[in-house]
Amino acid sequence: MNRHWILAKRPQGDIADGDLVLQTSPIPTPQTDEIVIKVAYLSLDPTNRIWMNEADSYMPSVKLGDPMRGLVAGRVVASQSKAFAVGDMVMGIGSWGDYCVAPASSFMSLPAIPGISLRDIFAIYYLVGPTAYFGLLDIGAPKIGETLVVSTAAGAVGSLVGQIGKAMGCRVIGIAGGTEKCGWITKELGFDGAIDYKSQDVGSELARLCPKGIDIYFENVGGAILDAVLPHMNLFGRIPVCGLISAYNATQAPVGPSNYPVILIQRLKVQGFIVFDFLSRYPEAYRALTQLHLTGQLKWRLHEIAGIEQAESAVRLLYKGDNTGKLLINVGDF
Ligand SMILES: NC(=O)c1ccc[n+]([C@@H]2O[C@H](COP(=O)([O-])OP(=O)(O)OC[C@H]3O[C@@H](n4cnc5c(N)ncnc54)[C@H](OP(=O)(O)O)[C@@H]3O)[C@@H](O)[C@H]2O)c1
């Protein structure tokens with residue numbers, strides 16, 4: 001039998017009890033071009049909340065009564081596709097369950113990378129690593145000596161962005177919630193400074209920590225933090241818009257940034273992106289991330305929770321800042 005979560009109700013604001021329901025049913029069977037995966041790891045990501053909304057976004061929303069969509073890694077246990085055989089290890093867009101069935105086209109082989117565990121390859125190389133790498137390099141276009149500011153700086157994407165920025169020769173300031181997270185990014189990861197947005201005034205701290213202004217703001221939150229950053233942006237600054245987590249649980253449309261005119265005055269480049277736009281270039285990110293990691297310039301921490309039954313309570317951690325590192329459910333072994 002298969003335990004799996006379905007989307008029973010659309011959350012109004014924060015995810016509430018009963019929005020997602022754990023059900024038990026027979027292990028699914030694949031239709032033409034589908035595979036069934038025995039899930040080893042489920043990635044929990046801020047975007048999960050976007051997929052629960054009624055309106056489609058960069059992907060269709062999850063239909064009520066359907067299994068909750070999620071990124072998974074595991075082993076193929078049944079296949080009706082020429083792309084994968086039983087026993088193959090894969091990662092891709094599946095759903096929250098001990099097993100899931102999905103189109104083979106939504107999956108790729110789990111690459112073997114010497115020195116990196118299968119768990120870490122899935123946790124870091126499938127989503128958050130390429131997001132940090134391509135967002136910063138392609139859109140942020142960092143140059144030696146420039147100042148980079150990143151929000152959700154102690155999170156999965158943000159912590160990688162800051163370290164890649166340091167490796168590229170930038171001065172890096174992170175914005176994160178709480179003294180533990182701020183201490184981790186400065187003492188362990190080598191950020192040049194940190195701002196605890198929960199207890200400090202972001203605008204005045206940016207003025208103090210970025211005396212030459214900000215050349216790149218890697219945007220993960222939106223809202224008040226974006227507004228506080230904008231007045232400090234330098235001429236021809238870049239803002240890769242990666243995420244807007246402060247609004248994911250909002251029940252009303254967020255108020256626009258009052259400092260929007262800075263984009264014109266300072267000729268800023270503001271560009272959104274979705275990491276899967278870069279799928280064809282993933283091997284480039286794998287090589288760069290691996291080299292940085294194996295030379296001690298790129299660290300990460302995982303927040304791993306055991307059991308598919310924990311997925312619903314675990315995903316809520318992301319929106320309260322209660323995750324420390326890349327959030328994963330350990331569903332079973334590879
Ligand atoms: N564009 C893409 O393709 C792509 C891919 C992956 C992720 N993303 C985006 O990248 C961002 C980070 O994702 P992640 O997977 O690395 O998650 P994460 O940073 O590991 O976890 C989410 C963090 O967001 C912070 N947060 C939550 N609510 C907030 C609020 N109202 N204001 C400010 N910060 C808040 C919390 O950190 P604190 O404790 O510091 O508040 C929390 O720990 C998200 O916006 C996500 O949607 C985009």
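I count two residues as in contact if their C-beta atoms, placed from the backbone, lie within 7 Å. I note also that the model is a predicted one.

**Entry 1: Val229**

With that cut-off I looked up Val229. Leaving aside its neighbours within four places in sequence, I found Val229 in contact with Val149, Leu206, Ile214 and Tyr217.

**Entry 2: the core**

I then asked which residues touch the most other members of the largest nonpolar core. They are Leu42, Val149 and Val229, out of 96 residues in that core. Helix H2, residues 118-140, gives the most to this core, with twelve residues. I wrote down the place of the core as well: domain 1 and domain 2 both give residues to it, so the core lies between them.

**Entry 3: the two domains**

I looked up how the protein chain is divided. Domain 1 takes in 2-110 + 301-330, and domain 2 takes in 126-278 + 286-293. Taken over C-alpha atoms, the centres of the two domains are 28 Å apart. The contact takes 15 residues from domain 1 and eleven residues from domain 2. I sorted the side of domain 1 that touches domain 2 by class, and it has six nonpolar, five polar and four charged residues.

**Entry 4: helix H4**

I went through helix H4, residues 179-188, and listed its buried residues: Lys181, Cys182, Trp184 and Ile185. These cover an arc of only 160° around the axis, which means that they are on the same side of H4. A general point goes with this: an α-helix has 3.6 residues a turn, so residues three or four places apart point the same way.

Which residues are exposed on the other side of H4? I found Thr179, Glu180, Lys187 and Glu188 there.

Next I checked what covers the buried residues of H4. The cover includes helix H3 (156-167), strand S9 (171-176) and strand S10 (193-196). Just after H4, I noted that Gly190 takes a positive phi of about 85°.

**Entry 5: around the ligand**

I looked up which of the 29 residues around the ligand come nearest. They are Gly155, Ala156, Gly177, Gly243 and Gly321. The elements that give two or more residues to this shell are H2, H3 and helix H10 (317-320). H2 is also the helix that gives the most to the core of Entry 2, and H3 is part of the cover over the buried residues of H4.

By class, I have 15 nonpolar, twelve polar and two charged residues in the shell. Domain 1 and domain 2 each supply at least three residues to the shell.

Methods:
Residues numbered from 1 in each chain as written. Predicted model: local features only at pLDDT ≥ 70, side-chain atom pairs only at ≥ 80, totals over all residues. Core = buried A, V, L, I, M, F, W, Y, C linked by C-beta atoms within 7 Å. Buried ≥ 20, exposed ≤ 12 C-beta atoms within 10 Å, placed from the backbone. Helix = DSSP H or I, 4+ residues; strand = E, 2+ residues; numbered from the N terminus. Domains from an automatic or database assignment. Arc of directions from axis to C-beta. Nonpolar A, V, L, I, M, F, W, Y, C, P; charged D, E, K, R; others polar. Near = placed C-beta within 6 Å.
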